[in-house]
Amino acid sequence: MIDRAGRVLPSGQTSILAQVSLPWLNGLAAAPGGALYYTEDAAVHRIGMDGRSATIAEHVAPPGCIVLLQLQSPWSPTGVALFGNDVYVLEYLHTPGDNRRDWLPRVRRIATDGTSSIVAAITRP
């Protein structure tokens, strides 16, 4: 599958930054210099402001890392943020089917000592 990464200028005008082969988009982050980083399964890619795409890391699965989050199905990590020395991971309940209302989100905090706790969650009414 080929997807397009676009940008919106302050004027409101849009343009295509790059076209990449992207079967799955698992996460997306903007870097301070304007580059975009995205993940798909076990790889991290970068799209520069010049539109060039590069693979930063492939086959990412470091064994024995105490901070790396590896969840039990059906939970799936989808975003990550740092605050101080702690890592916060946005996860969602990946249920069978395409009804996104069933994919409930939660936020997990991973402390520097490796302990993990759920700090926010949306539950079914």
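Burial, salt bridges and core in a predicted model

User: Why is R106 called buried?

Analyst: R106 has a relative accessible area of 15%, and since buried means under 20%, the residue is classed as buried. The model is a predicted one, and within it R106 belongs to strand 9, which covers residues 105-110.

User: Which residues does R106 touch, apart from those up to four places away in sequence?

Analyst: With those residues set aside, R106 touches W75, V89, L90, E91, I118, A120 and A121. With E91 there is also a polar contact between the two side chains, at 2.4 Å.

User: What makes the pair of E91 and R106 a salt bridge?

Analyst: The closest N and O atoms of E91 and R106 are 2.4 Å apart, and because the criterion asks for a side-chain nitrogen of Lys or Arg within 4 Å of a carboxyl oxygen of Asp or Glu, the pair qualifies as a salt bridge. It links distant parts of the chain, with E91 in strand 8 and R106 in strand 9, 15 residues apart.

User: Why does E91 count as buried?

Analyst: The relative accessibility of E91 is 0%, and the class requires a value under 20%, so E91 counts as buried.

User: How do you know that E91, R106 and R108 belong to one network?

Analyst: The side chains of R108 and E91 also meet in a salt bridge, at 2.6 Å from N to O, and this pair too links distant parts of the chain, R108 lying in strand 9 and E91 in strand 8, 17 residues apart. Salt bridges that share partners therefore join E91, R106 and R108 into one network. R108 is itself buried, because its relative accessible area of 14% falls under 20%.

User: Why is V119 called partly exposed?

Analyst: V119 has a relative accessible area of 46%, and because partly exposed covers the range between buried, under 20%, and exposed, over 50%, V119 takes the intermediate label. Neighbours within four places aside, V119 contacts Y88, V107 and R109.

User: Which residues make up the largest nonpolar core?

Analyst: That core has eight residues in all, namely A5, L17, A18, V20, L22, L36, Y38 and I47. Strand 2 (14-21) and strand 4 (36-40) each supply at least two of its residues, and strand 2 gives the most, with three. Once neighbours within four places in sequence are left aside, the contacts of L17 include A5, L36 and I47.

Definitions and conventions:
Residues numbered from 1 in each chain as written. Predicted model: local features only at pLDDT ≥ 70, side-chain atom pairs only at ≥ 80, totals over all residues. Heavy atoms only, no water. Helix = DSSP H or I, 4+ residues; strand = E, 2+ residues; numbered from the N terminus. Buried < 20%, exposed > 50% of the residue type's maximum accessible area, 1.4 Å probe, protein only. Polar contact = N/O pair within 3.5 Å; in protein donor to acceptor, adjacent residues only side chain to side chain. Contact = heavy atoms within 4.5 Å. Core = buried A, V, L, I, M, F, W, Y, C linked by side-chain atoms within 4.5 Å.
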